[in-house]
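Subject: Structure handover, with notes on salt bridges and the disulfide

Hi,

Here is the structure I promised to pass on. Please have it open while you read, as my notes follow below.

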Amino acid sequence: QVQLVESGGGLVRPGGSLGLSCVASGNIFSINAFGWYRQTPGKQRELVASVTSGGVMTYGDSVKGRFTLSRDNAKKTVHLQMNSLKPEDTAVYYCNADILVDGSTWTYYWGQGTQVTVSS
């Protein structure tokens, strides 16, 4: 059984920094896209940042230049460093991974979500 376990998040003042980490565990053959999405009430979940197994990085337009995603394949971990945070970054952040679990089927998995609140 595959699990994505998130850590980090919390309350931070505007202009501050915060880090989120996600570890994948279970019967994992391979991970392709691995990253973070976020969601606020009444809105669709949106991409924050994601990186493929080949190292191709994608960032949401609203976070470019402020957030940095890194990946450790050996540890099956991604880390999202969020700098210059704004109130509009407030959301529940979800880890997401495209995982090959049985050698033939790719499946998207989600973490349980972690709250990030940017407020003075």
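A salt bridge here is a side-chain nitrogen of Lys or Arg within 4 Å of a carboxyl oxygen of Asp or Glu. This is a predicted model, so local features need pLDDT of at least 70 and side-chain atom pairs count only at pLDDT 80 or more, whereas totals for chains, interfaces and linings use all residues. Residues are numbered from 1 along each chain as its sequence is written, and side-chain values use heavy atoms, with hydrogens and water left out.

**Salt bridges**

The salt-bridge rule gives a count of 4. One of them pairs Asp89 with Arg66, whose closest N and O atoms are 2.7 Å apart. This pair links distant parts of the chain, 23 residues apart: Asp89 is in the loop between strand E8 (77-82) and strand E9 (91-100), and Arg66 is in the loop between strand E6 (57-59) and strand E7 (67-72). As for the labels, helices (H or I, at least four residues) and strands (E, at least two) are DSSP runs, numbered from the N terminus. Both Asp89 and Arg66 are buried; for relative accessible area, buried means under 20%, exposed over 50%, and partly exposed in between (1.4 Å probe, protein chains only).

Another salt bridge joins the side chains of Arg38 and Glu46, at 2.6 Å from N to O. Arg38 counts as buried because its relative accessibility is 5%, while Glu46, at 35%, is partly exposed. Arg38, Glu46, Arg66 and Asp89 are linked in a network of salt bridges.

Asp61 and Lys64 also form a salt bridge, with 3.1 Å between the closest N and O atoms. Asp61 is exposed, since its relative accessible area is 65%.

**Around Arg38**

Where does Arg38 sit? Its place is in strand E4 (residues 30-39). Its side chain makes polar contacts with two others: the side chain of Asp89 at 3.0 Å and that of Tyr93 at 2.9 Å. A polar contact is a pair of N or O atoms within 3.5 Å; within protein, one must be able to donate a hydrogen and the other to accept it, and residues adjacent in sequence count only if both atoms are side-chain atoms. Leaving aside neighbours within four places in sequence, Arg38 is in contact (heavy atoms within 4.5 Å) with residues including Gln44, Val48, Phe67, Glu88 and Val92.

**The disulfide**

The structure holds 1 disulfide, a term that covers a pair of cysteine sulfur atoms within 2.5 Å. Cys22 and Cys95 form it, with their sulfur atoms 2.0 Å apart. The pair links distant parts of the chain, from Cys22 in strand E3 (residues 18-25) to Cys95 in strand E9, 73 residues apart. The torsion about their S-S bond is about -85 degrees, so the disulfide is left-handed. Both cysteines, Cys22 and Cys95, are buried.

**Strand E3 and its partners**

The covered face of E3 holds Leu18, Leu20, Cys22 and Ala24, and the uncovered one has Gly19, Ser21, Val23 and Ser25. Strands count as paired if DSSP finds at least two bridges between them. E3 runs antiparallel to strand E1 (residues 3-8), joined by 6 bridges, and Gly8 stands opposite Leu20 of E3. E3 and E8 are also antiparallel and joined by 6 bridges, with Thr77 in E8 as the bridge partner of Val23.

Best wishes
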